[in-house]
Amino acid sequence: MGRSQETFGKKDNEKKRAKKKTEKEERKAERQANAKSGAALEEMFAYVDEDGNITSTPPDPTKKRVIKDEDIRISVAKQEDREPEDTVRTGSVTFFNDSKGYGFIKDSVTQESIFVHANGLAGGPISEGDKVSFEVEMGAKGPNAVRVKKASATPPAAV
């Protein structure tokens, strides 16, 4: 007679699959038994307290505050509320690599180090230690100095 086609491994795998199936059915039955169907509407409410935390207790009406609609600001501050920024900045070149075409400028006011690329030069080549004037634009990796020019020896007259 021939041998059975089923091996020990196949039987073992079949037992594991059957066990998983029964466990899954048991978990499903348990979830259905513990489900809260038809819970009262009040039990499903959630409230937000004065600190912004979610709670199940309703707010105390004696602590209610009245806020005027005019006092609520949702959008960005209006243009006249902002102080105008000086678009042209000054600084000194702390590092510049001519062969690779990039470097860094240290802002004289904020002491911030700003990246500069050779494509952003407007007034000819620059080198380390030069005093420059520039504008800042946001690039993909942060602020970039653009329209970089060597600063003139005499400051412009005040208007």
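**Exercise 1. Follow the strands around the barrel.**

Work out in which order the 5 strands close into a barrel.

*Solution.* Step 1: the order is S3-S4-S5-S7-S6, and the pairing is mixed. Neighbouring strands of this sheet are turned by 50 degrees against each other on average, direction ignored; axes are lines fitted to C-alpha atoms, and angles run from 0 to 180 degrees between N-to-C directions. Strands here are DSSP runs (E, at least two residues), numbered from the N terminus, and two strands pair if DSSP finds at least two bridges between them.

A word on the source: this is a predicted model, where local features need pLDDT of at least 70 and side-chain atom pairs count only at pLDDT 80 or more, while totals for chains, interfaces and linings use all residues. Residues are numbered from 1 along each chain as its sequence is written, and side-chain values use heavy atoms, with hydrogens and water left out.

Step 1: recall that strands of a sheet pair through backbone hydrogen bonds, either parallel or antiparallel.

Step 2: go through the pairs.
- S3 (residues 88-97) runs antiparallel to S6, joined by 5 bridges; Gly91 has Val132 in S6 as its bridge partner.
- S6 (residues 131-139) and S7 are antiparallel over 7 bridges. They form a hairpin with 2 residues between them, and Gly139 is bridged to Gly142 in S7.
- S5 (residues 113-117) and S7 (residues 142-150) are parallel over 2 bridges, with Phe115 opposite Asn144 in S7.

**Exercise 2. Classify a ring pair.**

Explain why the pair of Tyr102 and Phe115 is stacked, tilted or edge-to-face.

*Solution.* Step 1: rings of Phe, Tyr and Trp (its six-membered ring) pair if their centres lie within 6.5 Å; planes under 30 degrees apart count as stacked, over 60 as edge-to-face and the rest as tilted. The structure holds 5 such aromatic pairs.

Step 1: the centres of Tyr102 and Phe115 are 6.1 Å apart and the planes stand at 20 degrees, so this pair is stacked.

Step 2: Tyr102 belongs to S4 (residues 102-107) and Phe115 to S5, so the pair ties together parts 13 residues apart in sequence.

Step 3: look at the surroundings. Phe95, Tyr102, Phe104 and Phe115 form one aromatic cluster.

Notes. Helices (H or I, at least four residues) and strands (E, at least two) are DSSP runs, numbered from the N terminus.
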